[in-house]
Amino acid sequence: MSLQTEVMTAMKAAMKAKDQNALTSLRAIKSGILLAQTESGAKEDLTEDQELKLLQKLVKQRKDSAVIFTEQGREDLAQPELEQAAVIEQFLPEQLSEEEIEKVVVEIIKSTGAAGMKDMGKVMGAANAKLTGKADGKTISTIVKAKLS
């Protein structure tokens, strides 16, 4: 079942349950899908990789907004953003723990022969490709920096 179909099914359930927060999140996903489809010029479905990147982007936007609201003392605005991020995360594959990400990064460093920070781009490229949808780019970057320095 495609992401678009899953989102539409979830939207119907959210409407019946009168869950405005979930509905807002699901509408954001639907909007993102439609924008991505029209951006490419064709009315074809997105690839699974494109869908994962879209979902990660939406989650990251919500979490970044929540951090900004929290820093400004606006918990009333931060909480809905975090709740929306949780709804969107339901459509992502299960996220790996930091230990699991670290194992993958160490494996990539060994296979690429990376020696220091000058090889970070090479390691990040391979890590992002291997961990797409399973880990946040910021977490991957932090672990790669720690291992290469």
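In what order do the elements of the protein chain run from the N terminus on, and where is the place of Ser141?

Modeller: First, this is a predicted model, so local features need pLDDT of at least 70 and side-chain atom pairs pLDDT 80 or more, while totals for chains, interfaces and linings use all residues. Residues are numbered from 1 along each chain as its sequence is written, and side-chain values use heavy atoms, with hydrogens and water left out.

From the N terminus on, the protein chain reads α-α-α-α-α-α-α. That comes to seven helices and zero strands (DSSP runs: H or I over at least four residues for helices, E over at least two for strands, numbered from the N terminus). The C-alpha atoms fill a box of roughly 55 × 45 × 25 Å along the principal axes.

Now for your residue. Ser141 sits in helix H7, residues 137–148. Its relative accessibility is 17%, so Ser141 counts as buried (under 20%; exposed is over 50%, partly exposed in between, with a 1.4 Å probe and protein chains only). Across the protein chain, 35% of the 149 residues are buried.

What does Ser141 touch? Leaving aside residues up to four places away in sequence, Ser141 touches Met120 and Met124 (contact: heavy atoms within 4.5 Å). Helix H6 covers residues 120–130, and the axes of H6 and H7 come within 10 Å, crossing at roughly 140°. So H6 is oblique to H7. H6 brings Met120, Val123, Met124, Ala127 and Asn128 to this contact, while H7 brings Gly137, Ile140, Ser141, Val144, Lys145 and Leu148.

About the terms: axes are lines fitted to C-alpha atoms, for helices over the stretch in contact, with angles from 0 to 180 degrees between N-to-C directions. Under 35 degrees is roughly parallel, over 145 roughly antiparallel, 65 to 115 roughly perpendicular, and the rest oblique.
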